[in-house]
Amino acid sequence: MLENIAAMIEEVNKFTSTNKDEIETFRLKFNGKKGILNDLFEEFKKVPNENKKDAGQKVNALKQAFQQKLDELKTATKTETISVKEDLTRPGFPLELGTRHPISLVKNRISDIFKSIGFAVADGPEIEDDWHNFTALNLPEYHPARDMQDTFFIEKDPDVLLRTHTSSVQIRYMEENKPPIRILAPGRVFRNEAISSRSHCIFHQIEGLYIDKNVSYADLKQTLQFFTKELFGKSKIRLRPSYFPFTEPSAEVDVYWGLNSETDYRITKGTGWLEIMGCGMVDPAVLQNVNINPDEFSGFAFGMGIERIVMLLHQMGDIRMFFENDKRMLEQFKSL
Ligand code: PHE
């Protein structure tokens with residue numbers, strides 16, 4: 001074999017493939033356990049001493065040529081894999097698109113309905129002071145109605161708290177803007193309540209506020225009727241007398257859902273009426289607190305829990321689902 005080394009070196013130098021399998025076969029042919037280089041070393045051992053120098057040089061020359069070729073192949077195949085990565089014509093991996101959360105979907109639907117009649121969306125902080133969450137809303141210190149909304153306090157004296165409703169946004173907006181005012185305040189609110197299928201310590205509200213000259217209770221009722229017709233396709237509503245410190249008179253809004261409790265588990269009491277929100281005429285004391293003259297302006301406000309509306313619209317029975325974000329639940333809203 002030793003006498004064929006020149007031909008072998010030529011074979012090595014001539015090898016040009018970038019095919020992985022061919023390169024591997026080539027490598028094994030020369031450098032495998034039973035490859036040419038090992039055979040040559042075996043043969044070299046038997047060479048008589050006086051010829052060893054010459055034979056050794058020949059074997060080394062082959063070994064060097066082989067090593068150099070391997071190095072070349074390595075860089076060649078490396079650039080090949082890089083160019084494969086950059087091949088822009090290759091089809092992409094399928095990207096899984098996420099879904100919008102049902103809370104966001106319904107919040108957007110409600111906002112769109114009110115936007116269509118001139119309401120704008122307003123925003124405010126989730127961490128509030130006592131003035132915007134309570135006092136300005138006609139809930140002075142020690143007012144028993146403060147207990148209506150169990151509060152998470154962050155600091156005491158002066159109080160810093162997590163807002164219990166988005167009515168605080170309405171105060172902030174009225175402090176900065178003069179009537180006419182037509183705003184919606186959607187957002188996250190917090191109450192120190194036990195978590196169950198019906199209530200959670202975090203939930204979402206959307207509140208509305210309309211202040212102008214001569215705004216009446218009839219305007220409130222018509223606006224809500226328009227809203228329930230747009231959202232639920234139902235316009236039969238009733239306003240049941242209620243109490244909120246910041247509105248006078250105050251009411252709960254019920255929508256007539258129907259009487260078929262056999263097919264619709266949302267109707268439990270068999271009356272057909274479902275409560276969807278609170279509302280009322282803004283109390284003159286609230287207007288005074290934000291320097292709006294109650295003799296010149298009047299207005300109405302309303303507020304609803306978004307989770308409750310989603311549960312009604314989509315027949316969901318447990319409020320905790322909105323915060324667990326199980327993909328099996330979210331994926332059901334893919335088409336919306
Ligand atoms: N802020 C009230 C609540 O969270 C809802 C409401 C808003 C009621 C506006 C009347 C008017 O319970």
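Is Gln-315 buried, exposed or partly exposed? Gln-315 is partly exposed, because its relative accessible area is 43% and the partly exposed class lies between buried, under 20%, and exposed, over 50% (1.4 Å probe, protein chains only). Before going further, a word on the ground rules: this is a predicted model, in which local features need pLDDT of at least 70 and side-chain atom pairs count only at pLDDT 80 or more, while totals for chains, interfaces and linings use all residues. Residues are numbered from 1 along each chain as its sequence is written, and side-chain values use heavy atoms, with hydrogens and water left out.

Let's stay with Gln-315 for a moment. Gln-315 sits in the loop between helix 10 (306-314) and helix 11 (321-324); helices here are DSSP runs of H or I with at least four residues, strands are runs of E with at least two, and both are numbered from the N terminus. Although Gln-315 is not a glycine, its phi is positive, about 50°.

A nonpolar core is a set of buried Ala, Val, Leu, Ile, Met, Phe, Trp, Tyr and Cys residues joined through side-chain atoms within 4.5 Å. The largest one has 41 residues, and Ile-110, Leu-224, Phe-302 and Met-304 have the most contacts inside it. Helix 5 (residues 102-115) gives the largest share of this core, six residues.

Now for the ligand. Around the ligand are 14 residues, of which His-165, Ser-167, Arg-191, Gln-205 and Glu-207 come nearest; a residue counts as near if one of its heavy atoms lies within 4 Å. A polar side-chain atom of Arg-191 is 2.8 Å from an oxygen atom of the ligand. On the nitrogen side, a polar side-chain atom of His-165 lies 3.1 Å from a ligand nitrogen, and an N or O atom in the side chain of Ser-167 is 3.1 Å from a nitrogen atom of the ligand. The protein covers 92% of the 320 Å² of accessible area that the ligand has on its own, with areas taken from the Shrake-Rupley method and a 1.4 Å probe.

Which strands build this shell? Strand 6 (202-212), strand 9 (273-282) and strand 10 (298-305) each supply at least two of its residues, and strand 10 gives the largest share, three residues. By class, the shell has five nonpolar, seven polar and two charged residues; Ala, Val, Leu, Ile, Met, Phe, Trp, Tyr, Cys and Pro count as nonpolar, Asp, Glu, Lys and Arg as charged, and the others, Gly among them, as polar.

From here, move to Val-189 in strand 5 (residues 181-190). Val-189 counts as buried because its relative accessibility is 0%. Not counting residues up to four places away in sequence, Val-189 touches several residues, among them His-165, Phe-203 and Gln-205. The C-alpha atoms of Val-189 and Phe-203 are separated by 5.5 Å, although the two are 14 residues apart along the chain. In the loop between strand 5 and strand 6 lies His-200, which is buried at 11% relative accessibility. A polar side-chain atom of His-200 is 3.3 Å from the backbone nitrogen of Ile-202. Beyond four places in sequence, the residues that His-200 touches include Arg-191 and Phe-323.

Finally, some backbone details. A cis peptide bond joins Asp-157 and Pro-158, with omega about -5°, and Pro-158 lies in the loop between strand 3 (153-155) and strand 4 (160-162). The peptide bond from Pro-179 to Pro-180 is cis too, with omega near 5°. Tyr-142 has a positive phi of about 70° although it is not a glycine, and Tyr-142 counts as exposed because its relative accessibility is 74%.

Methods: Polar contact = N/O pair within 3.5 Å; in protein donor to acceptor, adjacent residues only side chain to side chain. Contact = heavy atoms within 4.5 Å.
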